[in-house]
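Have a look at the picture first, then read on.

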Amino acid sequence: MEEKKSIAIGSDHAGFEYKEMLKSFLTGNDVKDFGTHSAESADYPDFAHPVSSAVENGEFTFGILVCGSANGVAITANKHQGIRAAICWTEELAELARKHNNANVLCIPARFISEELARAITEKFLSTDFEGGRHATRVGKISC
């Protein structure tokens, strides 16, 4: 990543190791870890809500959430009106989530992808700009 990003990051126990790895990968960016801080059992909403709130209120530009399947954190994050959380398991999905949906929270399924792929997905997500145009009209219709 060329440009410094502000990133809120969090995980449950299933995503803890990947979260720690991604924090190291993201060195040089403004990263705040919202937990969990161990691999002991933890409830994903306890971390997904604070990460999502920090992005929603503008404290951070992006959020990254990691859990086993990424479903729980994505469902939780998307309860926030200002959040567009996307589960990404390929670089192409990460790119499209940013280009077409202006996703601002990346959800990574730690039990289903390699660490190498998680880094590549993160890089693609953070380095891809929203295209706007016809996509902006669609994104504008998301909030209730």
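## How the strands line up

Two strands count as a pair if DSSP finds at least two bridges between them. Keep that in mind as you explore this predicted model. Strand β1, residues 6-11, and strand β3, residues 62-67, are paired in the parallel sense, with five bridges between them. Within this pairing, Ser11 stands opposite Val66 of β3.

Now widen the view: five strands form an open sheet in the order β2-β1-β3-β5-β4, and the pairing is parallel. At the edges you will find β2 (30-33) and β4 (85-87); each has a single partner strand, so one side of each is left without a neighbour in the sheet. From one strand to the next, the twist averages 20°.

## Helices across the sheet

Which strands does helix α2 lie across? Helix α2, made of residues 45-56, lies across β1, β3 and β5 (105-109), and runs at about 170° to β3.

Helix α5 (residues 115-127) also lies across β1, β3 and β5. Its direction is at about 165° to β5.

## Two cysteines without a bond

A disulfide is a covalent bond between the sulfur atoms of two cysteines. How many disulfides does the structure hold? The count is zero.

Note on methods:
Residues numbered from 1 in each chain as written. Predicted model: local features only at pLDDT ≥ 70, side-chain atom pairs only at ≥ 80, totals over all residues. Heavy atoms only, no water. Helix = DSSP H or I, 4+ residues; strand = E, 2+ residues; numbered from the N terminus. Axes fitted to C-alpha atoms, helices over the stretch in contact; angles between N-to-C directions. Contact = heavy atoms within 4.5 Å. Disulfide = S-S within 2.5 Å.
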